[in-house]
Amino acid sequence: LVAKQAGVQEVKPKSSKDQVEDVMAALKAKCLNYHLDYTLIQKIRQEASKCPVTKLFQEAHMGVKRVVIDVTKFDQEFGCRWKGMESKIDQIPDFHKKTILHSVKTMIICYDMMSEEIKDQLETDDEILNNTDYLEQMVALCVRYRDATLG
């Protein structure tokens with residue numbers, strides 16, 4: 001009431017979907033280049049014309065999670081914070097870096113292709129939000145690796 005009287009708008013907390021939207025946009029800015037990734041974008045669009053885009057998104061999400069499980073040696077619960085990842089980020093093997101980067105790019109492209117209705121039905125929001133910092137750190141690590149190997 002005091003805020004309204006002072007003419008200050010109250011900031012409503014963002015919904016999970018809006019927070020995921022922000023995470024995906026931040027990851028996109030860090031790792032996706034429309035020029036360099038044009039072939040991948042076209043490939044995923046073509047795949048999405050043959051099967052649900054949610055299936056492609058979930059497969060890519062599981063690709064990242066398989067790496068997390070392999071690196072941490074922990075079973076990871078659905079929707080939860082990844083156990084053991086805090087001490088393993090810098091120990092991700094190079095061959096996994098390519099997998100992570102490809103999977104995250106695929107997630108981003110698929111997410112951009114989804115309607116709002118489909119985004120509302122995603123069951124990965126909690127897991128993405130609980131591990132945003134890990135996703136950002138892994139993407140940064142993978143982009144550095146990619147850039148170093150490209151010369």
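Lys73 counts as exposed, because its relative accessibility is 67% (exposed means over 50% relative accessible area, buried under 20%, partly exposed in between, with a 1.4 Å probe and protein chains only). Lys73 sits in the loop between H4 and H5. Its phi is positive, about 65°, although Lys73 is not a glycine. Most residues other than glycine have a negative phi.

This is a predicted model, in which local features need pLDDT of at least 70 and side-chain atom pairs count only at pLDDT 80 or more, while totals for chains, interfaces and linings use all residues. Residues are numbered from 1 along each chain as its sequence is written, and side-chain values use heavy atoms, with hydrogens and water left out.

Helices are DSSP runs of H or I with at least four residues, numbered from the N terminus. His61 lies in H4. His61 counts as buried because its relative accessibility is 6%. Which residues does His61 touch, leaving aside its neighbours within four places in sequence? They are Met107, Thr124, Glu127 and Ile128. Contact here means heavy atoms within 4.5 Å.

Lys65 is also found in helix H4. At 5% relative accessibility, Lys65 counts as buried. Beyond its neighbours within four places in sequence, Lys65 is in contact with Gln76, Glu77, Phe78, Trp82 and Glu127. Lys65 and Gly79 are 14 residues apart in sequence, and their C-alpha atoms are 11 Å apart in space.

Next, look at how helices pack. Two packed helices are described by the angle between their axes and the distance between the axes. Axes are lines fitted to C-alpha atoms, for helices over the stretch in contact, and angles run from 0 to 180 degrees between N-to-C directions.

Start with H4 and H5. Their axes come within 8 Å and cross at roughly 155°. That makes H4 roughly antiparallel to H5 (angles over 145 degrees count as roughly antiparallel, under 35 as roughly parallel, 65 to 115 as roughly perpendicular and the rest as oblique). H4 passes H5 in a left-handed crossing, meaning that the near helix is turned anticlockwise from the far one by less than a right angle; clockwise would be right-handed. On the H4 side, the contact includes Leu56, Phe57, His61 and Val64. On the H5 side, Ile100, Val104 and Met107 are among them. The contact of H4 with H5 has 13 nonpolar residues, six polar and one charged. Nonpolar covers Ala, Val, Leu, Ile, Met, Phe, Trp, Tyr, Cys and Pro; charged covers Asp, Glu, Lys and Arg; the others, Gly among them, are polar.

H5 also packs against H2. The axes of H2 and H5 come within 10 Å and cross at roughly 125°. That makes H2 oblique to H5. Their crossing is left-handed. Among the residues that meet are Val20, Met24 and Leu27 of H2, and Leu101, Val104 and Ile108 of H5.

Finally, turn to H8, residues 132-150. H5 and H8 pack at about 115°, with axes 9 Å apart. H5 and H8 are therefore roughly perpendicular to each other. The contact includes Ile100 and Leu101 of H5, and Met138 and Tyr145 of H8. What covers the buried residues of H8? Leu135, Met138 and Val139 are among the buried residues of H8.

How values were computed. Helices (H or I, at least four residues) and strands (E, at least two) are DSSP runs, numbered from the N terminus.
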